[in-house]
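Hello,

Here is the structure you will be working with. Please look it over first, then read the notes below.

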Amino acid sequence: MENNIALKANHIIKHFYQPEPFKVLKDLSFEVKTGEFLTLTGKSGSGKSTLLYVLSTMDTDYEGELSINGNKLTGQTRNQLAAFRNEHIGFVFQFHYLLLEFNVLDNIMLPALKLNKKSREEIEAKAYANLKLLGMEEQALKMASKLSGGQQQRVAIARALINDPSIIMGDEPTGNLDSKNTQIVFDIFKELAHERGQTIIAVTHDDDFAKNSDRIIEMSDGIIL
Amino acid sequence: MRLSTNYKIAYVHLTSSVKQTIVALMGVVFGISMYIFLNSFVSGTNDTQTTLAFTSLAHIRIYNDGPADHTNLLKLAYGNQIAGNIRNPKVIQYTQGIKNTGAIIDLVRKQPEVTGITPQVNINVFFRNSGNKINGNLSGVDVNNENKLFNISSYMVQGKWNDLQYRPDGLIIGTDLAHTLSLHVDDNINVLTSDGVSKNYKIIGTFQTNVKSVDKTKAYLNITAARQLLSENQDYVTDLQVNIQNYQKTAPVEARIAPVIPYKVESWQESNQQLQAASSLRNIISIAVSLTILTVAGFGIYNIMNMTINEKIKEIAILKAMGFSSGDITSIFLTQAIVIGILGGLIGMITGFIIAQIINHIPFKMAGMNHLPMSYNLSDYLLAFIFGLITTLIAGYLPALKASKIDPVDIIRG
Ligand SMILES: Nc1ncnc2c1ncn2[C@@H]1O[C@H](COP(=O)(O)OP(=O)(O)OP(=O)(O)O)[C@@H](O)[C@H]1O
Ligand SMILES: [Mg+2]
């Protein structure tokens, strides 16, 4: 089948109940093709992060249906979803969380060690390759806590790529980067999407970044414009 | 490899917050060493008391309990058909002492648990030295066997135990008895039996068991001489004292021999229930106190683990976001608890041993002791280790479970 569907969101509705009942996502339906580089834009508070958490399978408290690569994920147990995330989804958080007690290399390798499909040597080689891609190979053995914000964000991107996930999701993955590094990350994403067929969904406030992607979904107050 | 990743994370957690790890470790070490010390001390005390008690007490005693209930002889002879009454019945004890001792001794010796048996002729007498008079117990003994059972030769202060064998005129008396009668070795002592027989003996030795009631009232005499004193035949015995391998296990031996021996067979537990009760109570107290200490240590571990998990809540959320399952998270934190439990257990056993050694060297001069008593039983150490591990497992499991239930979005959303 040409133009495979990587991700399908069907009538996604999400409420927050605290501090007061509030509908954040208002019946969203869309599809993302395999190998597509998609950007999500919209005003602050429009629900981009909330949507991304639903798509990433971490948030299970929503109505509607989500499937990735043809697997229906809605209704699966948390442990099933964790295993699925581990293998198929790479995630870069808005606040680039790293494990601060580990060094950079360990941070990148952990998801692959957990997946347990390659030998330690292969994983380490791949981790170094990812770091090199992002110009971070010299920091490999530094503790994560000793890095600057931008460096941490690049490590988080290297970590998201370690298991060659079919979908990479980023919540402002270049939010802390200068224009040069933003360009590097953009080029990496583009290459992954177009040459390796990995699907990219990235939230961004950077208009240039969005404009150069394959498709933009703009959100406003919980709906897609 | 999946497991070793979890171990690696657990290792990093333990080593990156060394202070907390050490505090948790110290809790376990304290609990386990106190458990070991208390139990060693109490069993040391119990052992000392037992040794003291068994200087004059055999594990099983066989004796003539006197006639059965003869308060209603008519009923005994005719049953209920006859109405009658005897005023002031005089019960004549036809047999005093134990008859047929040779056969009984042979029978008892055949029991596999029996380590020794000795016949005694025990007589209640007055010990007299001119005006001084003390009511006491004169024990006619089989010199060799008596020593095998009670090891009296080791309590001798003056004279030699074996001399009793060749001296029908000799007595070995308790030091306190000698003291109250102002008597010394080689002095003469007069003995008066309840039948009014009076006889002079020579003191050939003194002993001190440190059991005051014994040292104050007891004297030993050759069994043949005792029979002569009572004008009894050469088979006459009042008591047969029996020792077995494990003094706690008198019941099965008693159950086997009592039905075939026509005399009273009595274990030391029956005749000295207070000893047994005191040992049991001390054991209960020591177990209660040490389990309390372990529980408190457990709460300490629980608190520290809880703190760690609250501190690492972000890390846990990231791990789960990256695909670690609830089981992985539980195993990461449980591993930390187990490491603390095992390490704390090993250090605790060593510390417990050292504390026991130190206390064991504190002088304590009473009842024949020189230092505070202590016994070193492997089982105390193993039990302490097992209890410590169980405590840490429980104390670690609850926080680990809590960690595994953390919802990553809640944390990451901020
Ligand atoms: N945990 C929460 N409980 C209640 N309301 C929330 C919670 N998290 C977010 N919201 C609300 O939901 C709406 C969408 O938030 P969301 O974080 O998705 O916005 P966003 O588009 O990612 O904004 P930004 O660009 O600033 O990151 C906002 O109005 C926010 O206040
Ligand atoms: Mg956001």
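The count between chain A and chain B is four salt bridges. Please keep in mind that this is a predicted model.

One of the salt bridges joins the side chains of A:E101 and B:K312, with 2.9 Å from N to O. On the chain B side, B:K312 sits in the loop between α12 (273-311) and α13 (313-321). With a relative accessibility of 3%, B:K312 counts as buried, the cut-off being under 20%. Apart from neighbours within four places in sequence, B:K312 is in contact with A:E101, B:H13 and B:S17.

The contact as a whole

The contact draws 29 residues from chain A and 27 residues from chain B. Together the two chains bury about 2,600 Å², and 64% of that is on carbon and sulfur atoms.

Nine residue pairs are in polar contact across the interface of chain A and chain B, both residues of each pair being at pLDDT 80 or more. Which elements of chain A each supply at least two residues of the side that touches chain B? They are β1 (5-16), α1 (48-55), α2 (78-88), α3 (104-115) and α4 (120-133). The largest share, six residues, comes from α2(A). Sorted by class, this side of chain A has 15 nonpolar, four polar and 10 charged residues.

The buried residues run A:K48, A:S49, A:T50, A:L51, A:L52, A:Y53, A:V54 and A:L55. After α1(A) comes A:T57, with a positive phi near 75°.

In chain B, look at helix α5 (residues 143-150), where B:V143, B:N145, B:E146, B:L149 and B:F150 are buried. Why do the buried residues of α5(B) line one face of the helix? Seen down the helix axis, they fall within an arc of 170°, so they line one face. These residues pack against α4 (101-109), β2 (114-129), β3 (132-141), α6 (163-166), β8 (218-222) and β9 (239-244) of chain B. Just after α5(B), B:N151 has a positive phi of about 55°.

Two loop residues in chain B

B:L57 lies in the loop between α2 (18-53) and β1 (60-63) of chain B. Is B:L57 buried or exposed? Its relative accessible area is 18%, and the cut-off for buried is under 20%, so B:L57 counts as buried. In sequence B:L57 and B:W268 are 211 residues apart, while in space they are 7.2 Å apart, C-alpha to C-alpha.

The other residue, B:N64, is in the loop between β1 and α3 (73-78) of chain B. B:N64 also counts as buried, at 18% relative accessibility. A polar atom of its side chain lies 2.8 Å from the backbone oxygen of B:G97.

Regards

Conventions. Residues are numbered from 1 along each chain as its sequence is written. Chains are lettered from A and ligands numbered from 1 in the order in which they are written. This is a predicted model: local features need pLDDT of at least 70, side-chain atom pairs count only at pLDDT 80 or more; totals for chains, interfaces and linings use all residues. Side-chain values use heavy atoms; hydrogens and water are left out. Contact means heavy atoms within 4.5 Å. Buried area is the accessible area (1.4 Å probe) that two parts lose on being put together, summed over both. A polar contact is a pair of N or O atoms within 3.5 Å; within protein, one must be able to donate a hydrogen and the other to accept it, and residues adjacent in sequence count only if both atoms are side-chain atoms. Helices (H or I, at least four residues) and strands (E, at least two) are DSSP runs, numbered from the N terminus. Ala, Val, Leu, Ile, Met, Phe, Trp, Tyr, Cys and Pro count as nonpolar, Asp, Glu, Lys and Arg as charged, and the others, Gly among them, as polar. Buried means under 20% relative accessible area, exposed over 50%, partly exposed in between (1.4 Å probe, protein chains only). The arc is that of the directions from the helix axis to the C-beta atoms.
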